[in-house]
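This report describes a sheet and a helix residue in a single model. The sequence and structure are shown first.

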Amino acid sequence: MRPKLGLIGCGYWGLKCIRVLNDIKSCDLAWIADSDLAKLHPYKDQGYRVTQDYRDILKDADISGILVLTPASSHYSIIKDCLNANKHVFVEKPLTTSSAEAQELVSLAESKKLRLVTGHIYLFHPAIEYIKQAMNRQELKPPLHFHFQRRSPGPVREDVSVLWDLGPHEISIMAYLTGSYPTHISAVGVDMLGRGRSDVVSANLEFGRDISASMIFSWMDPVKIRDLTIISRQEMLVFNDMSAEKIKIFNAIQPDIAATVAPIPNREPLREELQHFVDCLESGKNPLISGRDGLTVVKILENIESVINKQYE
């Protein structure tokens with residue numbers, strides 16, 4: 001039987017997930033919740049069950065999985081309620097804004113044998129899959145340096161800093177590609193808007209002796225940039241998510257040689273990610289991105305934030 005799902009939060013990602021779930025024939029999106037009644041009216045007219053109180057969904061015994069797509073600061077309490085109601089959970093990144101809370105949720109999910117899936121969408125991007133395979137084939141081998149840029153003119157979040165909003169993407173990518181935890185972190189943050197939170201963050205991470213990464217996150221830039229450059233002794237690879245040609249490979253020894261464009265399949269990462277969640281509910285298999293993976297990302301974010309906070313001491 002197709003799993004029946006409930007969705008909490010009709011914001012930016014909530015609307016995208018509703019669109020994709022409507023196209024996935026192996027599940028049934030039955031409930032939609034949001035505190036704003038005006039956002040629910042269109043879905044009520046389309047035949048969905050809607051509510052301003054997400055706890056109404058938890059009372060429905062036919063619902064097996066919940067998608068939590070609310071602001072990050074609300075994740076802990078909502079996920080805990082869902083798990084205590086014996087519902088599998090997919091949550092938009094980050095898992096929580098505290099490693100202690102994330103650990104509690106992971107332990108609760110494991111004790112109840114429930115799936116707790118963190119929505120690190122780039123791990124379902126075919127370009128990241130290509131890079132992972134290239135590293136496995138030793139086409140990209142240490143020493144390696146990764147340079148990430150994630151910059152845009154907003155939106156500015158009200159509940160978290162730019163690190164917690166944009167940083168989970170790059171942190172999850174590095175954890176996935178290296179399979180390791182950073183051994184050293186340096187970082188600076190700038191409070192541009194005077195709200196007591198960083199609006200621009202620059203971070204440098206080391207993963208042992210041969211792998212390093214530099215990252216810049218900003219929601220104050222005039223132009224949207226989403227790119228990753230990987231530098232090795234033999235090759236330089238550029239992943240530009242804003243370009244139709246997602247990956248270009250350059251010769252590091254002879255830079256005058258024309259770049260090669262890698263063949264990247266045109267697959268929507270969000271659809272791949274949500275289909276995977278549905279498949280896990282149907283089959284009982286373990287997800288690619290578990291709650292423990294989400295916990296690792298939260299711990300790294302906390303470590304970066306603690307380094308940034310020391311600059312104000």
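Ile128 is found in helix 6 (residues 126–136); helices (H or I, at least four residues) and strands (E, at least two) are DSSP runs, numbered from the N terminus. The model is predicted: local features need pLDDT of at least 70, side-chain atom pairs count only at pLDDT 80 or more, and totals for chains, interfaces and linings use all residues. Residues are numbered from 1 along each chain as its sequence is written, and side-chain values use heavy atoms, with hydrogens and water left out.

Ile128 counts as buried because its relative accessibility is 0% (buried means under 20% relative accessible area, exposed over 50%, partly exposed in between, with a 1.4 Å probe and protein chains only). Leaving aside residues up to four places away in sequence, Ile128 touches Tyr122, Ile173, Tyr176, Leu177 and Phe239 (contact means heavy atoms within 4.5 Å). Between the C-alpha atoms of Ile128 and Leu166, 38 residues apart along the chain, the separation is 17 Å.

An open sheet is formed by 6 strands in the order 3-2-1-4-5-6, with parallel pairing (two strands pair if DSSP finds at least two bridges between them). Strand 3 (49–51) and strand 6 (116–119) stand at the edges with a single partner strand each, so one side of each is left without a neighbour in the sheet. From one strand to the next, the twist averages 20° (axes are lines fitted to C-alpha atoms, for helices over the stretch in contact, and angles run from 0 to 180 degrees between N-to-C directions).

Strand 5 (residues 88–92) pairs with strand 6 in the parallel sense over 4 bridges. Glu92 stands opposite Gly119 in strand 6.

## Helix 2 on the sheet

Helix 2 (residues 37–45) lies across strand 2 (28–33) and strand 3, and runs at about 165° to strand 3.
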